[in-house]
Amino acid sequence: MFSYCADPDTLEGLTWLSCYMTTGKHLAFYTSFGTVLLLLAITAPLALSFGFFAAMGSRAHLPPVRWLANLYMAVVRGVPDIAFFLFFVIALDQGFEWMRHQVLCPDWDQPIRQGNDFIVCQAAKLPQNSAPELVHQIYGFGLAVLTFAIVFGAFAGNVLAGAFKAVPHGQIETAEAYGMTHRQAFWRIMVPQMWTYALPGLSNLWMVLIKATPLLFLLGVEDVVYWAKELGGTKTARFTDYPHGDWRMWYFAGLLIFYLLFTKLSEVVLSRITRRLSHGQATAAGEALRKAGAGA
């Protein structure tokens, strides 16, 4: 903080505003934008991995594998996101603690479920009460990332499963006729072409994932929504050196601009990726590129 901010009562105008916008809480607010971007950077490839394996599982020859993959996609896609987030994070956290409890406290003679309470031994708690605050934040963020990945992985799996079916079967037959094994034809022919058909659906899913990041607030992570609500609420001189009225509208307007700019940037990047993948493909986009090249 600037040295002239030591006495807020003497500040006015832009000086007051500059001091107000550089308080510790505001620095945490700015950092929370990085939290959102980090969530997207980790969740997107992880969800894509879940989806890819689910899509492969839905094509498996073994019925149990196929049933499990289809059940995963159907159940997760059929449950409202908010309900799944609120339930699954609690269940996942308690599941980890239950497993640790079985290993670390084998002599425990009390029931773990006591009415509505879930009670495990102190050694099994995650994270430990003595752990630094950073550990608690990383643990909560990790649970959020895993939950996001499982939810959006189910949607990605459905998109990829449809993309696999969209690849002309004649491509596989031709590859095998040239001596490729079924595995080679899958990885060298089907998978590269599949992305062209999957990208429109994955692009929409990426946009939905961006819009879903405010759900971090429901999971207890101090994200942009948490801080916008915290900083924008009415503050009196009794609790802060910078009293103000209800400014939540302005903070949430800032979030609106952030998300609009980020989605616009995503559209530009995804459009370029789509154009690159469509070269030489038997799709509407590929045909448009061929006609444009012929016209030139």
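1. Length of helix α2. In this predicted model, helix α2 covers residues 24-58. A helix here is a DSSP run of H or I with at least four residues, a strand is a run of E with at least two, and both are numbered from the N terminus. At 1.5 Å a residue, the 35 residues of α2 should span 51 Å, and the end C-alpha atoms are 50 Å apart, so the two values agree. The expected span is 1.5 Å times one less than the number of residues.

2. Kink in α2. The helix has a kink of about 25 degrees at T43, shortly before the proline P45. The bend at a residue is the angle between axes fitted to the seven residues ending there and the seven starting there.

3. Basis of the model. Residues are numbered from 1 along each chain as its sequence is written, and side-chain values use heavy atoms, with hydrogens and water left out. Because the model is predicted, local features need pLDDT of at least 70 and side-chain atom pairs count only at pLDDT 80 or more, while totals for chains, interfaces and linings use all residues.

4. Confidence. The mean pLDDT (the predictor's confidence in each residue, from 0 to 100) is 83, and 90% of the residues reach 70 or more. Confidence is highest in α2, at a mean of 92, and lowest in helix α10 (residues 284-295), at 50.

5. Overall make-up. The protein has 10 helices and 2 strands. Their order from the N terminus is α-α-α-α-β-β-α-α-α-α-α-α. Of the 296 residues, 38% are buried. Buried means under 20% relative accessible area, exposed means over 50%, and partly exposed lies in between (1.4 Å probe, protein chains only).

6. Salt bridges. The whole structure holds 2 salt bridges; the term requires a side-chain nitrogen of Lys or Arg within 4 Å of a carboxyl oxygen of Asp or Glu. E230 pairs with K25, with the closest N and O atoms 3.3 Å apart. This pair links distant parts of the chain, since E230 is in helix α8 (residues 224-232) and K25 is in helix α2, 205 residues apart. E230 is partly exposed at 26% relative accessibility, and K25 is partly exposed at 43%. R248 forms a salt bridge with D246, and here the closest N and O atoms are 2.7 Å apart. R248 is partly exposed at 37%, as is D246 at 41%.

7. Helix α9. This helix covers residues 248-278 and contains L265. L265, V269, I273 and L277 make a nonpolar surface patch of about 300 Å². Patch residues have over 30% relative accessible area and no salt bridge; like charges are joined within 9 Å, and nonpolar side chains (Val, Leu, Ile, Met, Phe, Trp, Tyr) within 5 Å. Areas come from the Shrake-Rupley method with a 1.4 Å probe, and for residues only the protein chains shown count as cover. An α-helix has 3.6 residues a turn, so residues three or four places apart point the same way. G254 is also in α9 and is partly exposed at 33%.

8. A cis peptide bond. L126 and P127 are joined by a cis peptide bond, with omega about -20 degrees. Most peptide bonds are trans. P127 lies in the loop between β2 (117-118) and α5 (133-166). H136, in helix α5, is partly exposed at 27%. The C-alpha atoms of H136 and L126 are separated by 8.4 Å.
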